[in-house]
Amino acid sequence: MSGLETAPAATAAPILEVSDLRTHFFTRDGVTRAVDGVSFTVAPGETLGIVGESGCGKSVTALSVLRLLPPRLSRIVGGSVRFEGQELLALDEPAMRRIRGNRIAMIFQEPMTSLNPVLTIGDQIAEAVTIHQGKNRAEAMRHAAEMLRLVRIPDAAKRTGDYPHQFSGGMRQRVMIAMALSCSPRLLIADEPTTALDVTVQAQILKLMVELKQATDAAVMLITHDLGVIAETCQRVIVMYAGQVVEQAEVVELFDAPLHPYTRGLMASIPRIGGGRKRRLAEIPGIVPDLRKPIAGCPFAPRCPMARARCRTEPPPLIEHRLGHLAACWYAGEAA
Amino acid sequence: MADGTLAEAAPAERPQGAALRFGTFARRNPTIVIGAAMLCVMVILALLAPLITNPPMHAAPVDRLKPPDLSNFFDPEKRDRFGTDNLGRDIFARTLHGARVSLLVGLTVAAFATAVGLVIGLMAGYYRRFDAVVMRVMDGLMSIPSILLAIALIALTRGGLFLLIIAITVPEVPRVVRLVRSVVLTVRERPFVDAAISVGSPSRKIIIRHVLPMTVAPLIVQATYICASAILIEAGLSFLGAGVPPEIPTWGNMIAQSRLFFARAPWLIFFPGAALALVVLAVNLLGDGLRDRLDPRLARRM
C-alpha cells in the first residue's frame with residue numbers, strides 16, 4: 001500500500017522537528033489561532049502526510065516552517081522549528097533565504113499560476129541554482145534541462161526555452177517539481193501538489209514524486225485533504241483539526257484502526273466503488289469551529305458523535321494509545 | 001518562432017512574408033500604424049529641419065506678412081511656403097524647428113517621468129513601509145498645477161529648456177508612481193511571486209525579474225499620454241512666456257507672437273497650431289493603439 005519502504009520513522013535523528021508551533025493571524029475581527037500548538041517530526045528520507053479539512057491549518061503549518069507567511073497579518077507566536085538541528089525561527093531573513101529552495105523546497109498547489117508567464121521554463125528552474133550554487137547562466141540552463149529530463153518532460157533541452165502557456169497543467173506541475181528539486185533539498189514540502197490536476201495526471205505526478213523521492217532520498221512533507229493520496233505515498237500521517245494535531249500514526253495503522261472520531265469520519269466520507277447507489281455518502285455534521293473564539297474542551301466535540309460532558313470542558317491531550325499511534329481524544333478507540 | 005521556420009523553408013519569400021505580416025498587423029491595429037507613421041514623419045522632418053529649410057531666425061522686413069504660397073513648394077529658395085510673419089521670418093522653417101523643441105520636450109519628459117516614477121512605484125508597491133510616506137508625498141505633488149510650478153521655477157531661476165523639462169516632469173511623476181504601484185500590488189499577490197520567495201530569491205531579484213516586466217505594458221501606454229500632455233504644456237507655457245526663451249522658435253512662442261496679427265494673417269497661427277494638433281493626435285493614436293494591443297482585456301480582437 002505504502003509506496004515508500006525506506007528507513008522506518010523515529011530511528012534516526014529527525015531532520016525536521018516542530019514543537020508546540022503557534023501561528024496566529026491578526027485580523028480586524030480578532031486573532032485567529034490558525035496553528036495552535038502543533039508538534040511533529042520528520043525523519044530523514046521519510047514521507048509524512050498531513051491531512052485535514054480546508055482551514056484546519058495544514059498549509060499554514062507548512063508555510064510557517066519556511067516562514068513564508070505575510071508578515072503584517074500573521075506571526076509565529078510560539079514554539080520552535082528545528083531543521084537539521086538549527087532553529088529556523090531564530091534565523092534572520094538572509095539566512096532563511098539560504099535555506100529556502102536550497103535545503104527545504106516547496107511545491108505549491110496551483111501549477112497554472114505558480115510559474116511566471118513571461119519567463120521561460122528554463123529561466124525559472126535555473127533561478128534557484130543561480131541563487132544558491134552561484135552557477136553561471138549556461139551551467140544553470142544545462143542543469144535546468146537535466147532537471148526537466150528528470151521529471152520526464154520529453155525533448156527537455158529544447159523545452160527549456162518554452163513559456164509556461166506552452167505546457168499543460170500536469171507538465172507545469174512537473175516543472176514545479178523540477179524547480180523544487182533543482183538544488184537537491186533535504187526536505188520537500190508539497191502543499192496539495194495534485195489538487196488542481198485531473199485524476200489520471202494526479203496518479204502520474206504522485207508516482208513521479210515517489211520515484212524522485214527514492215532517487216534523491218529527500219524527506220517529504222505532503223499536505224493534502226485526500227486520504228487516497230496519503231495511502232499511496234506516505235509512511236506516517238498526521239491528522240489536523242482546528243489548528244491542532246488530533247491523531248498521528250503509521251499509515252497502515254491509521255487506515256486499519258483509526259482512533260480519533262474525526263479520522264473515522266474522514267474515512268467514512270470517502271465514496272467507495274461498489275458501495276451501492278442507494279447508499280448515502282457519510283458526512284461529518286457541522287462546520288469547523290471559529291478559531292477566533294477560545295475553545296474550551298476538545299475542538300471536535302460539537303461535531304463528534306460520541307462527545308460527552310468531559311469533552312466540552314477539558315481539552316484532551318495528544319497521548320500514545322498504541323506504539324507510535326497518538327490521538328487527542330478522551331475516548332479514543334471506543335466504538336461510536 | 002514562425003519567422004524562423006518560414007525563413008529556413010524559403011529564404012527568397014521572406015520579404016514578402018514580412019510585408020504580408022505587416023499588412024495583417026496594420027489591419028488589426030490601424031491606430032498604432034497611423035499614429036507611428038505620423039510621428040515618424042514628424043520626427044524625420046524635425047531632424048532634417050536645418051538641412052531642408054531656411055534659417056528660422058532670419059528676419060526680412062520687406063517680406064513681412066506674406067500669405068502662404070504653395071506653388072513651387074519644393075523650391076529651396078522660397079521663403080513663403082507657409083507665409084511669413086510680422087518680421088518676415090519663414091513660417092515653414094519656424095514650424096519645423098518648433099517641432100524639434102516640442103518633440104524633445106515630449107520625449108524627455110516621458111522618459112524622465114517614467115524612469116523616476118517606475119523606481120518610486122516599484123519601491124512603494126513592494127516595501128509597504130515606504131509606501132505610506134511616499135504616496136502622501138505624491139498626493140502633495142499631484143496637487144501642484146504644472147503651469148504654476150513651471151512659472152515659479154522660471155521666475156526663481158533664469159529659465160531654459162532643461163528647467164522647463166524638469167518643471168513639466170515633476171507633476172507627471174505621481175501619475176506614473178500610482179500606476180506602477182497598483183501593478184506591483186496585484187503582481188506581488190500572484191502565486192509565482194510566492195514561488196520565487198520560496199526558492200530563496202532576494203527581494204531585489206524578485207522585483208527586477210518578476211514584478212518589473214509586468215509593469216512594462218501599462219507603462220508604455222502611460223508614457224505616450226505623458227508625452228502628448230508634455231507637448232501641450234510646453235506650448236502653453238511658451239505661449240504664456242514662461243517656457244522656452246522667445247527667440248527660440250517653438251509652436252507656443254509662434255502662436256503667442258502672432259496674437260496681434262492673426263486677424264490679418266491667420267496662417268501665423270494656423271501652421272504651428274495644426275502641427276501641434278497633429279503631433280498630439282499622432283502620439284495619442286499610438287497610445288490608444290498600444291493600449292488596445294497590450295491589454296488583452298480591452299482588445300476587441302486579438
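Leaving aside neighbours within four places in sequence, which residues is A:Val38 in contact with? They are A:Val18, A:Leu21, A:Thr61, A:Gln244 and A:Val245, where two residues are in contact if their C-beta atoms, placed from the backbone, lie within 7 Å. Welcome to a predicted model, in which local features need pLDDT of at least 70, side-chain atom pairs count only at pLDDT 80 or more, and totals for chains, interfaces and linings use all residues. Residues are numbered from 1 along each chain as its sequence is written, while chains are lettered from A and ligands numbered from 1 in the order in which they are written.

**Where the two chains meet**

- On chain A, 22 residues are in contact with 15 residues of chain B.
- Three elements of chain A, namely α2 (93-99), β6 (104-107) and α3 (121-133), each supply at least two residues of the side that touches chain B. Helices (H or I, at least four residues) and strands (E, at least two) are DSSP runs, numbered from the N terminus.
- With four residues, α3(A) gives the largest share of that side of chain A.
- By residue kind, the side of chain A that touches chain B has ten nonpolar, six polar and six charged residues. Here Ala, Val, Leu, Ile, Met, Phe, Trp, Tyr, Cys and Pro count as nonpolar, Asp, Glu, Lys and Arg as charged, and the others, Gly among them, as polar.

**Chain B as a whole**

- Chain B has eleven helices and zero strands.
- Its C-alpha atoms fill a box of roughly 80 × 60 × 30 Å along the principal axes.
- Of the 302 residues in chain B, 39% are buried. A residue is buried if 20 or more other C-beta atoms lie within 10 Å of its own, exposed if 12 or fewer, and partly exposed in between, with C-beta atoms placed from the backbone.
- Taking contacts in chain B between residues at least 6 apart in sequence, 70% join residues at least 24 apart.
- Helix α3 (residues 30-52) of chain B bends by about 35° at B:Ala46, and a proline, B:Pro50, follows within four residues. The bend at a residue is the angle between axes fitted to the seven residues ending there and the seven starting there.
- The buried residues of α3(B) include B:Ile32, B:Leu39 and B:Ala46, and their cover includes α4 and α11 (267-294) of chain B.

**The largest nonpolar core**

- This core holds 170 residues, of which A:Leu187, A:Ile189, A:Met221 and B:Val109 touch the most other members. A nonpolar core is a set of buried Ala, Val, Leu, Ile, Met, Phe, Trp, Tyr and Cys residues joined through C-beta atoms within 7 Å.
- Helix α4 (residues 91-126) of chain B gives the most to the core, with 17 residues.
- Because domain 1 (113-184) and domain 2 (259-327) of chain A both give residues to the core, it lies between them. These domain bounds come from an automatic or database domain assignment.
- The centres of domain 1 and domain 2 of chain A, taken over C-alpha atoms, are 42 Å apart.

**A covered helix in chain A**

- Helix α6 (residues 169-181) of chain A has 13 residues, which should span 18 Å at 1.5 Å a residue, and its end C-alpha atoms are 18 Å apart, which agrees. The expected span is 1.5 Å times one less than the number of residues.
- Eleven of the 13 residues of α6(A) are buried, so the helix is mostly covered.
- The cover over those buried residues includes β6, α3, α4 (137-150), β7 (187-191) and α7 (199-216) of chain A.

**Residues to look up in chain A**

- A:Val38 lies in strand β2 (residues 30-42) and counts as buried, with 24 C-beta neighbours inside 10 Å.
- The C-alpha atoms of A:Val38 and A:Met240 are separated by 8.8 Å, although the two are 202 residues apart along the chain.
- A:Thr263, in helix α10 (residues 261-268), is buried, with 25 other C-beta atoms within 10 Å.
- A:Glu192 sits in the loop between β7 and α7, has a positive phi near 50° and is partly exposed.
- A:Asp217, in the loop between α7 and β8 (219-224), has a positive phi near 60° and is exposed.
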